[in-house]
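The report below describes a model through its helices, its surface and its charged side chains. Please read it alongside the sequence and the coordinates.

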Amino acid sequence: MKTNTGNPKKKNDEYSSIRVKGSTKSNVNKFLEKINKAEDCGKITFDSLVSYFLENTSQEDIEVLQKGAITWAHEDKRLKRLWEKKKGKVTETKWKEMLYLGHLREFISKHSRLETTYTS
C-alpha cells in the first residue's frame, strides 16, 4: 500500500469571508456577471472589485458614506460640543432641558447635518 509521506498541500488561507446583506451580495453578483461578459480580458472577482474601490475612493466619497451613517445620537453629541464651543459649557441636564423645551430649535436647524423640518 502506497502512503503519501510528502507535505500535504496547504489550503490557501489568505481569503476570509465578509458579512453582507443578501441583497448586497445579489447586486454584486449581478454587477460582476455583467462586467465579466467580455471575453477579451480576465475575470473580475469580488476581491478585485472591492480592492479597486478601496484604492479609488475619494475623500468626498468617504464623507458621503459617513453622512449617510449619522444618527441623532451622533448629532446630539456633536451639536452639544459645538454649542459649548460657541456659548460655553453646559451640563447634560441643562442641555436636555433646552433641547426638550425647544430653546435649541434654531441652533439645531442651522448647524445640524441631518434634515430638520423647522426653518427660521
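## Helices, surface and salt bridges

Asn 29 is partly exposed, its relative accessible area being 39%, in a model that is predicted. Asn 29 belongs to helix 1, which covers residues 22–35, and its C-alpha atom is separated by 9.5 Å from that of Thr 45, a residue 16 positions away along the chain. The chain as a whole contains six helices and zero strands, giving the pattern α-α-α-α-α-α when read along the sequence. Of the 120 residues in the chain, 16% are buried.

Together with Ile 18, Val 20, Val 50 and Leu 54, Phe 46 makes a nonpolar surface patch of about 440 Å². Phe 46 also takes part in the lining of the largest pocket, where the other lining residues are Glu 14, Tyr 15, Ser 16, Ser 17, Ile 18, Asp 47, Val 50 and Ser 51. That pocket has a volume of about 200 Å³, and its lining comprises four nonpolar, three polar and two charged residues.

Side chains of opposite charge can pair when their charged atoms come close. The structure holds eight salt bridges, and a network of them links Asp 76, Lys 80, Glu 84, Lys 89, Glu 92 and Lys 96.

| Salt bridge | N to O distance | Relative accessibility |
|---|---|---|
| Lys 96 and Asp 76 | 3.3 Å | Lys 96 26%; Asp 76 17% |
| Glu 84 and Lys 89 | 4.0 Å | Glu 84 17%; Lys 89 77% |
| Lys 96 and Glu 92 | 3.8 Å | Lys 96 26%; Glu 92 41% |

Lys 96 and Asp 76 meet through their side chains in a salt bridge. Lys 96 lies in helix 5 (residues 92–101) and Asp 76 in helix 4 (residues 72–87), so this pair ties together parts that are 20 residues apart in sequence. Lys 96 counts as partly exposed, whereas Asp 76 is buried. The side chain of Lys 96 also meets that of Glu 92, and these two residues, four apart in helix 5, are separated by about one helical turn; Glu 92 is partly exposed. In the pair formed by Glu 84 and Lys 89, Glu 84 is buried while Lys 89 counts as exposed.

Notes. Residues are numbered from 1 along each chain as its sequence is written. This is a predicted model: local features need pLDDT of at least 70, side-chain atom pairs count only at pLDDT 80 or more; totals for chains, interfaces and linings use all residues. Side-chain values use heavy atoms; hydrogens and water are left out. Patches are made of residues with over 30% relative accessible area and no salt bridge: like charges are joined within 9 Å, nonpolar side chains (Val, Leu, Ile, Met, Phe, Trp, Tyr) within 5 Å. Accessible areas come from the Shrake-Rupley method with a 1.4 Å probe; for residues, only the protein chains shown count as cover. On a 1 Å grid over the protein atoms alone, a cavity is a set of points where a 1.4 Å probe fits but cannot get out, and a pocket is an open set with protein on both sides within 12 Å along at least five of seven lines; lining residues have an atom within 4 Å of a point. Grid points are joined across faces, edges and corners, and a volume is the space filled by probe spheres set on the points. Ala, Val, Leu, Ile, Met, Phe, Trp, Tyr, Cys and Pro count as nonpolar, Asp, Glu, Lys and Arg as charged, and the others, Gly among them, as polar. Buried means under 20% relative accessible area, exposed over 50%, partly exposed in between (1.4 Å probe, protein chains only).
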